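Thanks for coming, everyone. Please have a look at the chain on the screen while I talk.

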Amino acid sequence: METGEGDQSSGEVIGSGLSHMLAVPVQLEDPASQRVYIEWRGLALASPPALEMVSPFTRVPIARRWMEQSEPLLKLVHPDKGTQVDYIVRWITKTSSACFALLELAQGWPGEQSAPYQTIVEVLDRDMLWTLTADEFSRALPVLQTDINIRGVWPKSESEEVFGEMADWLSPQFRAESAVKEEAREVRCFECEEPIQESFVACPYCGAARLAPPCPECGKPVTQARNKRAYYHSENGRYPWHYAWDGRCQNCGLEFAARVSLSTGHLLFFEALKGGIEETLEKLKREGRDAESLRVGESEMEIRAGESVYSMLDDWDYQPTIEVKIRRAVASNMSATSGGLSREERMVMTPEEARALIEELQGRLRILMERKKWSRDTT
Ligand SMILES: [Zn+2]
Ligand SMILES: [Zn+2]
């Protein structure tokens, strides 16, 4: 897989697995009926993995579009079967009469057919593709090849011009979009996996609560989303109330982030004097401060929710994090051994790590918090 942006050389764009037919994996009718099956990108595959071809001269709807690790992706729907498949857009060529896209089956296909599996389709509009006959394919291929040879590098932004806005797949925006576009076949309990109704506020089998926590401002759940185990057409997983949450109360808009200004850190005295003594005193007067205020430093601290994503093939592990960013007015002498205060610090911890830090500093290590800032003059 290419990792850089726009670093594809023309020879790599068209692979050996090029065909005039659009392939879609053969999928299980009802994945919820079977506990064990081969899964690829959220699809429950029939065993052994096989691809079936969409007939030439057929309209193929685009169900979703997004950016995944800087590649433009399309989720296509088999027009007869209703099954879905993810394709990477590798190239788009526009002629005076048509627009052609070179598509490549998304990474990691577990079946035997040669990968990358590629095809050329005509783009009818942002929501619809058109599969080519063998003759049309033979005419489109040299047009595309010429364009590849001339341009060498394809700007991926062209996919947005053709297919519309492509949100990054890690963004809450993308997740919220996918949540409303697809309806789960069956909702199960997040904890015990027993089938439940979407309307339930708690699981009748294990008692697990399903609602988001209440907002401290308005008292309503911060989002309507509820914990669930769900099987969509194209993916399945455990979705907690915050899987597409943007960090704000959906009811009253309260943002769950803190920005704190602190008087702490190294003194500002010498930093302030860089502007000249007169100017500094003047400035302090305007701000209603005295020279004594320069004996403490200033820090801006921001605390907010983050998320770390770990992927193995098509398995995605989401870990909520606490992000702390600190900006300081003055840095100390930074050396490898002492680890002084830097101007900018970014710290990311899991909630469990953050809780351990707070508990230690409030408990056994409390004494570390009771130390004083001190100074000495050696002139
Ligand atoms: Zn349960
Ligand atoms: Zn609220």
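Some ground rules come first. This is a predicted model, where local features need pLDDT of at least 70, side-chain atom pairs count only at pLDDT 80 or more, and totals for chains, interfaces and linings use all residues. Residues are numbered from 1 along each chain as its sequence is written, while chains are lettered from A and ligands numbered from 1 in the order in which they are written.

How confident is the predictor? The protein chain has a mean pLDDT of 86, and 91% of its residues reach 70 or more. pLDDT is the predictor's confidence in each residue, from 0 to 100. Residues 1–11 are below 50, and beyond near neighbours in sequence this stretch has 12 contacts in the model. Where pLDDT is low, the predicted coordinates should not be read in detail.

Now the overall shape. The C-alpha trace spans about 90 × 60 × 40 Å along its principal axes. The radius of gyration is 28 Å, whereas a compact globule of 379 residues would be near 21 Å. That radius is taken over C-alpha atoms, and the globule rule is 2.2 Å times the number of residues to the power 0.38. Buried residues make up 23% of the 379. Buried means 20 or more other C-beta atoms within 10 Å of the residue's own, exposed means 12 or fewer, and partly exposed is in between, with C-beta atoms placed from the backbone.

Next, the parts. The domain assignment gives domain 1 (10–167), domain 2 (171–248) and domain 3 (257–370). Such bounds come from an automatic or database assignment. The C-alpha centres of domain 1 and domain 2 are 31 Å apart. The chain has 7 helices and 19 strands. These are DSSP runs, numbered from the N terminus: H or I for helices, at least four residues, and E for strands, at least two.

On to two sheets. One is open, with 4 strands in the order β16-β17-β18-β19 and antiparallel pairing. Strands pair if DSSP finds at least two bridges between them. β16 and β19 (344–349) are the edge strands, each pairing on one side only. Strand β18 (residues 315–328) is joined to β19 by 6 bridges. There, R327 has E344 as its bridge partner.

The other open sheet has 3 strands, ordered β13-β14-β15, again antiparallel. Why is one side of β13 (187–188) and of β15 left without a neighbour in the sheet? Both stand at the edges, so each has a single partner strand. β13 pairs with strand β14 (residues 228–231) over 2 bridges. V187 has A230 in β14 as its bridge partner.

Helix α6 (residues 277–286) is hardly covered: of its 10 residues, the count of buried ones is 0. G288 follows α6, with a positive phi near 70°.

Last, the proline. Where does P240 sit? P240 is in the loop between β15 (236–239) and β16 (257–262). Is P240 buried or partly exposed? P240 is partly exposed, because 16 other C-beta atoms lie within 10 Å. Leaving aside neighbours within four places in sequence, P240 is in contact with F190 and N227. Contact means C-beta atoms, placed from the backbone, within 7 Å. A305 is 65 residues from P240 in sequence, and 15 Å away in space, C-alpha to C-alpha.

Definitions and conventions: Two residues are in contact if their C-beta atoms, placed from the backbone, lie within 7 Å.
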